[in-house]
Amino acid sequence: MTDSTKSRMLLSHNFTLIESEVHPLDREQFADVFVKDLEQKPDVDCALVDHPHWVVEVNYSADAYSPTEVGQLCIEALATYRTNSSDVKSFTIMALGGVKNTPSTTPAPSLQTGEWGVDLVETTEPEVFLEEINWEALSHAKPDKDVFRIDRPVE
């Protein structure tokens, strides 16, 4: 990356689809989707991380991209991968992002203060998933600039 203002985002994966309809991705396959797709973007680098919750680290230039734009790049990368798969069924991919505003209690690769954590969710029932995780309360607990939600249908 060439720009001096670098930011970091961590991605996790929630897969609530029927495995016989859409093949699940293991951690390495999930990371590979972003490494291969986003290497084409200037000032974006991705890598698999060794963490129980977070799967992919995305480093990007904050001068070139906002966190929401990086979230959009990630959701499009996963949607493109799924669309190019032979077993695609109709479902929604959601990117649920929030910035960490509290001090981190663990070292990297955990999410650190000021970094964005984004859950990429593959589901046929987005509203049910959001209700199960109490998204409305979680997202309203933060200022609007510190959270985003992007929905992307895949058909």
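Which backbone atom lies 3.2 Å from a polar atom of the side chain of Ser-61? In this predicted model, the answer is the backbone nitrogen of Asp-63.

**Ser-61**
- Ser-61 belongs to strand β3, which covers residues 56–61.
- Ser-61 counts as buried because its relative accessible area is 0%, under the 20% cut-off.

**Nonpolar cores**
- The largest nonpolar core contains 34 residues. Those with the most contacts inside it are Met-9, Leu-11, Phe-30, Phe-34, Val-56, Val-58 and Leu-120.
- Elements that each contribute two or more residues to this core include β1 (6–15), α1 (27–38), β3 and β6 (147–154).
- Helix α2 supplies the largest share of this core, seven residues.
- Leaving aside residues up to four places away in sequence, Val-56 touches several residues, among them Met-9, Leu-11, Phe-30, Phe-34 and Cys-46.
- Another core, of seven residues, lies apart from the largest one and includes Leu-96, Val-121, Leu-130 and Val-147.

**Largest pocket**
- The largest pocket holds about 300 Å³ of space.
- It is lined by 16 residues, of which Gly-98, Asp-119, Trp-135, Leu-138 and Lys-142 are the closest to its centre.
- Two or more lining residues come from each of β4 (91–99), β5 (116–123) and α4 (135–140), and β4 gives the largest share, four residues.
- By class, eight of the lining residues are nonpolar, five are polar and three are charged.

Technical notes
Residues are numbered from 1 along each chain as its sequence is written. This is a predicted model: local features need pLDDT of at least 70, side-chain atom pairs count only at pLDDT 80 or more; totals for chains, interfaces and linings use all residues. Side-chain values use heavy atoms; hydrogens and water are left out. On a 1 Å grid over the protein atoms alone, a cavity is a set of points where a 1.4 Å probe fits but cannot get out, and a pocket is an open set with protein on both sides within 12 Å along at least five of seven lines; lining residues have an atom within 4 Å of a point. Grid points are joined across faces, edges and corners, and a volume is the space filled by probe spheres set on the points. Ala, Val, Leu, Ile, Met, Phe, Trp, Tyr, Cys and Pro count as nonpolar, Asp, Glu, Lys and Arg as charged, and the others, Gly among them, as polar. Buried means under 20% relative accessible area, exposed over 50%, partly exposed in between (1.4 Å probe, protein chains only). A polar contact is a pair of N or O atoms within 3.5 Å; within protein, one must be able to donate a hydrogen and the other to accept it, and residues adjacent in sequence count only if both atoms are side-chain atoms. A nonpolar core is a set of buried Ala, Val, Leu, Ile, Met, Phe, Trp, Tyr and Cys residues joined through side-chain atoms within 4.5 Å. Contact means heavy atoms within 4.5 Å.
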